[in-house]
Amino acid sequence: MTTSGDAGYGPHATGKAAEAIAIAWLSRRKFECFTAWGSHSLCDLVAVKRRGVVPASVTLIEVRATDYAGSSHRRLSADQARAGVELLLVYPDGNCAWASAERGGEPNV
C-alpha cells in the first residue's frame, strides 16, 4: 500500500488503496460492497450481508489506513458516529480490523 510520502500521490492514493484492500477483505467474509462516489459522503463503503431467510444487514463503513499501533488515523466525525458508521482499519501489511475490539470480527448491525 502506498503512503502519503510515496511518489507524490498523497493521502488520496493511500485512501483508495486502503478501500480496495477493505473491499477484498469484506468480500472474503461474504459481504457485498458498494462504494461512495462523492468525496464528501458520510462513509466510504456500504456493505450488505445476506443471511439466508433472515433480513440482510447493512453496514456503513469508513475505511482508514493506519499504522501497526492503530494510532495514525482520524476518528469518526460526530455526524458519522450519530449515523452508526463503523470504522474499519487497514494496516500496512493488508490486514484489516474493526476499530472496536468487542465486535469479535463483525460490525455492530
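Figure 1. Arg 82 is exposed, its relative accessible area being 64%. In these legends, exposed means over 50% relative accessible area, buried means under 20%, and partly exposed lies in between (1.4 Å probe, protein chains only). Everything shown here belongs to a predicted model, in which local features need pLDDT of at least 70 and side-chain atom pairs count only at pLDDT 80 or more, while totals for chains, interfaces and linings use all residues. Residues are numbered from 1 along each chain as its sequence is written, and side-chain values use heavy atoms, with hydrogens and water left out. The partner of Arg 82 is Asp 79: the two form a salt bridge whose closest N and O atoms are 2.3 Å apart. A salt bridge here is a side-chain nitrogen of Lys or Arg within 4 Å of a carboxyl oxygen of Asp or Glu. Both residues sit in helix α2 (residues 78–83), three residues apart, or about one turn of the helix. Asp 79 is partly exposed, at 48% relative accessible area. Helices (H or I, at least four residues) and strands (E, at least two) are DSSP runs, numbered from the N terminus.

**Figure 2. Lys 16 and Glu 19 in helix α1.** The structure holds four salt bridges, and here is another one to look at: Lys 16 with Glu 19, the closest N and O atoms being 3.6 Å apart. These residues are three apart in helix α1, so about one helical turn separates them. Lys 16 counts as partly exposed at 42% relative accessibility, whereas Glu 19 counts as buried at 12%.

**Figure 3. Glu 32 meets Arg 50.** In this view the side chains of Glu 32 and Arg 50 form a salt bridge (2.4 Å, N to O). The pair links distant parts of the chain, with Glu 32 in strand β1 (residues 32–35) and Arg 50 in strand β2, 18 residues apart. Glu 32 is partly exposed at 29% relative accessibility, and Arg 50 is exposed, with a relative accessible area of 62%.

**Figure 4. Strand β3 and its two neighbours, β2 and β4.** Two strands pair if DSSP finds at least two bridges between them. Strand β2 (residues 45–51) runs antiparallel to strand β3 (residues 54–65), with six bridges in the pairing. Look for Arg 51, whose bridge partner in β3 is Val 54. The hairpin made by β2 and β3 has two residues between the strands, and Gly 52 in the turn has a positive phi of about 70 degrees. With strand β4 (residues 86–90), β3 pairs in the parallel sense over five bridges; here Ile 61 stands opposite Glu 86 in β4.

**Figure 5. Trp 25 and Trp 98, an aromatic pair.** The structure holds one aromatic pair. Rings of Phe, Tyr and Trp (its six-membered ring) pair if their centres lie within 6.5 Å; planes under 30 degrees apart count as stacked, over 60 as edge-to-face and the rest as tilted. Trp 25 lies in helix α1 (residues 10–28) and Trp 98 in strand β5 (residues 96–98), so the pair ties together parts that are 73 residues apart in sequence. Both Trp 25 and Trp 98 are buried.
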